[in-house]
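Here is a short briefing for a first look at a protein model. Please keep the sequence and the structure in view while reading.

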Amino acid sequence: MIVPHPTPAPAARTVRKAVIPAAGLGTRFLPATKATPKEMLPVVDKPAIQYVVEEAAAAGLDDVLMVTGRHKRAIEDHFDQAFELEQALAAKGDAVRLDAVRDPARLADIHHIRQGEPLGLGHAVLCARRHVGDRPFAVLLGDDLIDPRETLLGRMLDVRDQYAGSVVALMKVPREQIHLYGCAAVEPTGEDDVVRVTGLVEKPSPQDAPSAYAVIGRYVLDPGVFDALERTPPGRGGEIQLTDALQELAAGGTVHAVVFDGLRYDTGDKADYLRTVVRLACDRPDLGPEFTAWLKEFVTSLESGGTPDGRRLVA
């Protein structure tokens with residue numbers, strides 16, 4: 001396990017802005033996402049996207065731009081004030097729920113822009129150009145939740161300060177799964193958890209993959225990526241791939257990566273989403289003890305062919 005590196009105080013950061021692409025249709029979760037953005041699906045008692053904004057804020061990024069699409073109004077409402085609800089909770093003296101309702105709007109200075117056309121992650125990042133300007137910035141994908149106890153984003157910001165250029169997050173995956181990710185060719189830097197990226201390819205076949213290092217949904221990008229994206233033609237699926245633009249930058253030797261082996265939750269897959277809810281619920285001091293006890297009983301009952309209430313399962 002990599003020893004976490006200390007995160008500098010937010011005031012020392014050269015990166016202050018984060019971009020969160022949130023324009024996807026969420027088709028893998030239909031019909032739940034027919035009228036509800038996939039980013040608003042609850043993970044225990046908070047929408048998935050709130051965990052991502054909390055991660056950015058904890059790393060000292062106090063300016064967050066969400067790149068959304070049609071039917072995403074619920075995201076904007078969640079990070080806005082809810083005067084009627086706050087007044088009702090205040091009148092009841094329910095300070096705990098009142099704080100929970102107010103917290104999303106207090107996390108950062110949050111902005112919204114619409115992508116317009118679903119032209120891929122690279123295009124979503126390009127939509128942020130005017131807001132970001134000529135400063136480095138972070139990109140956080142909402143499908144990847146990093147456990148709040150991890151310091152991945154802070155470490156990536158450290159590496160950006162040290163090496164300049166762009167920084168991506170990598171995680172080793174089984175070879176048979178590499179076709180689900182962008183994949184990086186790397187060379188060592190002398191630091192155990194930092195490598196230089198020499199090449200990137202989007203969703204390669206296992207036999208063609210340059211490594212088992214998968215790109216996961218955290219990036220700290222140099223503003224030069226915008227020019228590279230402007231030059232990037234549509235690739236796989238007719239979309240502008242961020243991986244293709246980063247490949248151009250990697251060829252110039254300006255892309256590094258943090259190799260992460262901590263706790264990451266993939267909420268873009270139904271089974272992994274359910275596992276994420278269970279894991280985070282078990283970790284909660286207010287829910288964990290009772291829920292874990294029930295879970296153990298439930299699993300034991302499944303193994304014996306029944307359920308905790310004594311009913312037999314149909315084979």
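His-71 counts as exposed, at 58% relative accessibility (exposed means over 50% relative accessible area, buried under 20%, and partly exposed in between, with a 1.4 Å probe and protein chains only). His-71 sits in the loop between S4 and H2. Its phi is near 65 degrees, a positive value in a residue other than glycine. The model is predicted: local features need pLDDT of at least 70, side-chain atom pairs count only at pLDDT 80 or more, and totals for chains, interfaces and linings use all residues. Residues are numbered from 1 along each chain as its sequence is written, and side-chain values use heavy atoms, with hydrogens and water left out.

- Is Lys-72 buried or exposed? Lys-72 is buried, with a relative accessible area of 4%.
- Leaving aside neighbours within four places in sequence, Lys-72 is in contact with Ala-22, Ala-23, Gly-24, Pro-37, Lys-38 and Glu-39 (contact means heavy atoms within 4.5 Å).

- Helices (H or I, at least four residues) and strands (E, at least two) are DSSP runs, numbered from the N terminus.
- Strand S4 covers residues 63-68, and six of its six residues are buried.
- In a regular strand the side chains alternate between the two faces of the sheet.
- Both faces of S4 are covered. Asp-63, Leu-65 and Val-67 are buried on one side, and Val-64, Met-66 and Thr-68 on the other.
- Strand S1 (residues 17-22) runs parallel to S4, and six bridges join them (two strands pair if DSSP finds at least two bridges between them).
- Ala-18 stands opposite Val-64 in S4.
- Strand S5 (residues 109-114) also runs parallel to S4, again with six bridges.
- Val-67 has Ile-113 in S5 as its bridge partner.

- Strand S12 (residues 255-259) is largely enclosed by the rest of the structure, because five of its five residues are buried.
- Both faces of S12 are covered. One side holds Val-255, Ala-257 and Val-259, the other His-256 and Val-258, all buried.
- S8 and S12 run parallel and are joined by five bridges.
- Strand S10 (residues 194-202) pairs with S12 in the antiparallel sense, over three bridges.
- Which residues stand opposite His-256 in S12? Val-167 is one of them, and Arg-196 is another.

**Helices**

- Helix H1 (residues 48-58) is mostly covered, with eight of its 11 residues buried.
- The buried residues of H1 include Ala-48, Ile-49, Tyr-51 and Val-52. Gln-50 and Glu-55 are buried too.
- Just after H1, Gly-60 takes a positive phi of about 90 degrees.
- Asp-227 is in helix H8 (residues 224-231). Asp-227 counts as partly exposed, at 37% relative accessibility.
- Asp-227 and Leu-126 are 101 residues apart in sequence, yet 9.0 Å apart in space, C-alpha to C-alpha.

**Other backbone features**

- Ala-164 has phi near 65 degrees, a positive value in a residue other than glycine.
- Ala-164 is found in the loop between helix H7 (152-163) and strand S8 (166-172). Ala-164 is partly exposed, with a relative accessible area of 36%.
- The peptide bond from Leu-30 to Pro-31 is cis, with omega near 5 degrees. Pro-31 is found in the loop between S1 and strand S2 (42-43).

**The whole protein**

- The secondary structure comes to 11 helices and 13 strands.
- The radius of gyration is 21 Å, close to the 20 Å that the globule rule gives for 315 residues, so the protein is as compact as a globular protein of that length (the radius is taken over C-alpha atoms, and the rule is 2.2 Å times the number of residues to the power 0.38).
- The C-alpha trace spans about 60 × 50 × 40 Å along its principal axes.
- Buried residues make up 45% of the 315 residues.
- Among contacts between residues at least 6 apart in sequence, 75% join residues at least 24 apart.
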